[in-house]
Amino acid sequence: MHEPPYPTVLKPYGRALVELAAKRPEILCLSGDLTRQCEADLFAEAYPDRFILAGMAEANMMSMAGALAREGFQPWVHTFGVFATRRPFDQIVNSIAYPNLPVRLIGFMPGVSTPGGPSHQAIEDVAIMRALPNMTVIDVADAVQIEQVVPEIADLPGPVYLRLKRGEIPVIFDDTHRLRVGPVQPLLDGAELCLVTSGMMLPATLAAARVLREHGVAAGVVNAPTLKPFDAPGLLAALDGTRGVISIENHTIIGGLGSCVAETLAEAGVGVPLRRIGLDDTFAEGSKTAPYLFEKYGLSSQRIVNTAWELLGLAGAAPTVVQPETEAGEYAPV
């Protein structure tokens, strides 16, 4: 893995989809009037006859995607996460999930990564989509995983919901990294504490683990890109023998990764204390920048460190996390 601040790239998803579409003529691209913002402009330029602009009518777009899938196409549907899940939920249920059709739902700007307020913040999208039978739910962390997940999900049975960061995408993993749908990914071993995360919270989690390890806490990190089906055996193996578990997600703590971890512990009868870091059953607000929201709502490296200190009952004040300075084209966690 690279060290922060991480280099960034633009539009890794859009490039990966164009590359896949060159080999798969059945792939169609649908856009909910957010074509450039969701990197679908690259597809529209490369394959205009396979691009459908559905407009700001997301419910209708989902029904269109279901109908196209019944005719043998594989529709990839693009909009912001909140408009890909909350707004057209009934159409997803009846036109896509119930008939178990191979539609790929791509939701950009998850959680509080958008400063646009509750109308634009998909803080419950994982919970919504996890609840649907037949739906696979994936939350990838960086540009390397984005490039790899596109061909990985092409042949999965049934529908898939993929959460993606918009804009400058950090490059956290090196060229040896391999993403597979399903398994959790133990990134750091830790005999004392297990930090479980997904998506945009991986950089903050790695930063927190680094500080904890520097102060004598054997903190491990597990990345969980696949949230449904969730790899319970893999997580249990990673946290075996630890004194505590912390889940960290850019999402409400209800129904998302924290719930995956809690369900895993409860069903296995593992009596390990759990703390969940995410939005604490609250809507966020609008702001000028997303980093302000991550800090305000506790989606930060410092909160992870503070929570670990409390969970383990360590003496004194928790250590302070110092974030690296960034330059243009670099990304650092909050």
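**Overall fold and the enclosed cavity**

Of the 334 residues of the protein, 58% count as buried. The model is a predicted one, so these values describe a computed structure. In terms of secondary structure, there are 12 helices and 15 strands to keep track of. The C-alpha trace stretches about 65 × 45 × 40 Å along its principal axes. As for how well packed that is, a compact globule with 334 residues would have a radius of gyration near 20 Å, and the protein's 19 Å agrees with this.

Turning to annotation, UniProt (in an unreviewed entry) puts the feature "domain: Transketolase-like pyrimidine-binding" at residues 7–171. That stretch of chain is 38% helix and 22% strand, and its end C-alpha atoms sit 6 Å apart.

What about space on the inside? The count comes to 1 cavity of 30 Å³ or more, and the largest cavity holds about 60 Å³. Its lining includes Val-140, Ala-141, Asp-142 and Ile-146, along with Arg-163, Leu-164, Lys-165, Ile-169 and Pro-170. Met-200, Pro-203 and Tyr-331 also line this cavity. Two strands, β7 (160–164) and β8 (168–170), each supply at least two residues of the lining. Sorted by class, the lining of the largest cavity has 9 nonpolar and 3 charged residues, with no polar ones.

Note on methods: Residues numbered from 1 in each chain as written. Predicted model: local features only at pLDDT ≥ 70, side-chain atom pairs only at ≥ 80, totals over all residues. Heavy atoms only, no water. 1 Å grid on protein atoms, 1.4 Å probe; cavity = no way out; pocket = protein on both sides within 12 Å on 5 of 7 lines; lining within 4 Å. Points joined across faces, edges and corners; volume = space filled by probe spheres on them. Helix = DSSP H or I, 4+ residues; strand = E, 2+ residues; numbered from the N terminus. Nonpolar A, V, L, I, M, F, W, Y, C, P; charged D, E, K, R; others polar. UniProt positions renumbered as here; feature names shortened; annotations may be inferred. Rg over C-alpha atoms; globule rule 2.2 N^0.38 Å. Buried < 20%, exposed > 50% of the residue type's maximum accessible area, 1.4 Å probe, protein only.
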